[in-house]
Amino acid sequence: MCSQEGEGYSLLKEYANGFMVSQVLFAACELGVFELLAEALEPLDSAAVSSRLGSSPQGTELLLNTCVSLKLLQADVRGGKAVYANTELASTYLVRGSPRSQRDMLLYAGRTAYVCWRHLAEAVREGRNQYLKAFGIPSEELFSAIYRSEDERLQFMQGLQDVWRLEGATVLAAFDLSPFPLICDLGGGSGALAKACVSLYPGCRAIVFDIPGVVQIAKRHFSASEDERISFHEGDFFKDALPEADLYILARVLHDWTDAKCSHLLQRVYRACRTGGGILVIESLLDTDGRGPLTTLLYSLNMLVQTEGRERTPAEYRALLGPAGFRDVRCRRTGGTYDAVLARK
């Protein structure tokens with residue numbers, strides 16, 4: 001086999017085995033491997049991990065060794081036995097309670113997104129999301145399917161909290177938002193982005209606007225509701241009156257919906273927005289030709305299997321914002337997962 005063919009075959013295997021790698025990560029999070037090792041006073045052998053997790057000895061040892069190979073765990077030999085501890089990567093991103101933890105978003109990906117992705121071929125063939133096949137739930141009312149139980153709603157909100165914990169400040173600093181004293185985060189969930197906003201711009205106040213079930217969970221489970229600069233309003237942004245504000249944030253919102261629904265929402269935002277105010281759209285932007293970046297393309301496929309929408313190019317966001325009445329549309333890439341589009345009324 002020539003070297004070129006060998007490289008191609010290796011790449012093919014890497015792609016084909018990608019789902020196994022993600023399942024190792026999801027399973028280790030689900031079982032609590034990283035929390036257990038974080039709380040242990042010293043590295044543990046596989047028998048101790050198995051005993052404390054209530055998992056099979058053979059399966060536990062296989063999972064731990066695979067995590068070592070993936071640089072999620074480190075192993076040393078003591079007294080003839082391998083003992084395991086978290087790597088810095090795991091301690092930073094996979095342990096609950098870490099300031100940069102992504103555990104909840106990974107659990108959501110493993111329990112929900114992964115199940116929908118089993119039906120990617122059907123989604124491509126049919127051009128619609130796969131909640132009916134994945135969970136037996138019709139998706140005519142999209143967020144009734146996405147929030148199919150209170151536990152699922154909480155998991156999704158915790159996952160987004162993880163995302164904005166890492167990326168919120170960066171994307172909110174893409175433009176200077178200090179001229180906007182009252183900011184309304186539409187579909188703002190737990191208030192994580194609003195909290196990042198008032199931290200970055202101490203002179204502003206924030207309104208989180210979301211459906212009643214989300215607002216009630218936010219007040220019970222998340223700390224943003226305790227900040228006097230942040231208020232929560234219940235409503236459906238497609239139907240109910242929007243709070244008047246200087247700036248509206250739509251973060252990971254427009255990618256859920258068809259162009260027609262996005263246009264309808266943007267027109268409603270324009271009418272509610274104060275003169276001289278604006279809108280900040282936070283999304284993962286596709287390249288001009290629509291063929292990259294890879295992460296954004298994968299997110300767009302995720303929108304296909306889970307929602308009604310897709311990721312878009314800067315030109316496509318301009319084509320939505322302009323007819324709604326917004327002007328001076330500026331797009332700024334952050335170098336992270338999410339980018340910013342600012343437009344003015």
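What follows is a short chat about pockets, surface, salt bridges and backbone in a predicted model.

Q: What kind of model is this, and how are residues numbered?
A: The model is predicted, so local features need pLDDT of at least 70, side-chain atom pairs count only at pLDDT 80 or more, and totals for chains, interfaces and linings use all residues. Residues are numbered from 1 along each chain as its sequence is written, and side-chain values use heavy atoms, with hydrogens and water left out.

Q: What is the volume of the second largest pocket?
A: About 250 Å³. A pocket here is an open set of points on a 1 Å grid over the protein atoms alone, where a 1.4 Å probe fits, with protein on both sides within 12 Å along at least five of seven lines. The volume is the space filled by probe spheres set on the points, which are joined across faces, edges and corners.

Q: How many residues line the second largest pocket, and which lie nearest its centre?
A: The lining has 17 residues, and R128, N129, Q130, L132 and S139 lie nearest the centre. Lining residues have an atom within 4 Å of a point.

Q: Which elements give two or more residues to that lining?
A: α9 (131-135) and α15 (294-306). α9 gives the most, with three residues. Helices are DSSP runs of H or I with at least four residues, strands are runs of E with at least two, and both are numbered from the N terminus.

Q: How does the lining divide into nonpolar, polar and charged?
A: Six residues are nonpolar, six polar and five charged. Ala, Val, Leu, Ile, Met, Phe, Trp, Tyr, Cys and Pro count as nonpolar, Asp, Glu, Lys and Arg as charged, and the others, Gly among them, as polar.

Q: Back to Q130: where is it found?
A: Q130 is in the loop between α8 (120-126) and α9.

Q: Is Q130 buried or exposed?
A: Q130 counts as buried because its relative accessibility is 1%. Buried means under 20% relative accessible area, exposed over 50%, and partly exposed in between, with a 1.4 Å probe and protein chains only.

Q: Switching to the surface, which residues form the nonpolar patch?
A: V124, L294, L298 and L301, with about 360 Å² of accessible area together. Patch residues have over 30% relative accessible area and no salt bridge; nonpolar side chains (Val, Leu, Ile, Met, Phe, Trp, Tyr) are joined within 5 Å, and like charges within 9 Å. The areas come from the Shrake-Rupley method with a 1.4 Å probe, and for residues only the protein chains shown count as cover.

Q: Which element gives the most to the patch?
A: α15, with three residues. L294 lies in α15 and counts as exposed because its relative accessibility is 61%.

Q: How many salt bridges are there in the whole structure?
A: The search finds 19. A salt bridge is a side-chain nitrogen of Lys or Arg within 4 Å of a carboxyl oxygen of Asp or Glu.

Q: What does R148 form a salt bridge with?
A: With E152, the closest N and O atoms being 3.2 Å apart. R148 is partly exposed at 27% relative accessibility, whereas E152 is buried at 9%.

Q: And D227, which side chain does that one meet?
A: D227 meets R229 in a salt bridge at 3.0 Å, N to O. D227 is buried at 18% relative accessibility, and R229 is partly exposed at 29%.

Q: Which distant parts of the chain does the D287 and R333 pair link?
A: The salt bridge between D287 and R333 has its closest N and O atoms 3.9 Å apart. D287 sits in the loop between β8 (273-283) and α15, and R333 in the loop between β9 (327-332) and β10 (339-344), 46 residues apart. D287 is partly exposed at 30% relative accessible area, and R333 is partly exposed at 42%.

Q: Now the backbone: which residues does the cis peptide bond join?
A: G292 and P293, with omega about -10°. P293 is in the loop between β8 and α15.

Q: What is phi of K71?
A: Near 65°, a positive value in a residue other than glycine. K71 lies in the loop between α5 (57-69) and β2 (73-78) and is exposed at 60% relative accessible area.

Q: What about R252, buried or exposed?
A: R252 is buried, with a relative accessible area of 18%. R252 has a positive phi of about 55° although it is not a glycine, and is found in the loop between β7 (245-251) and α14 (259-272).
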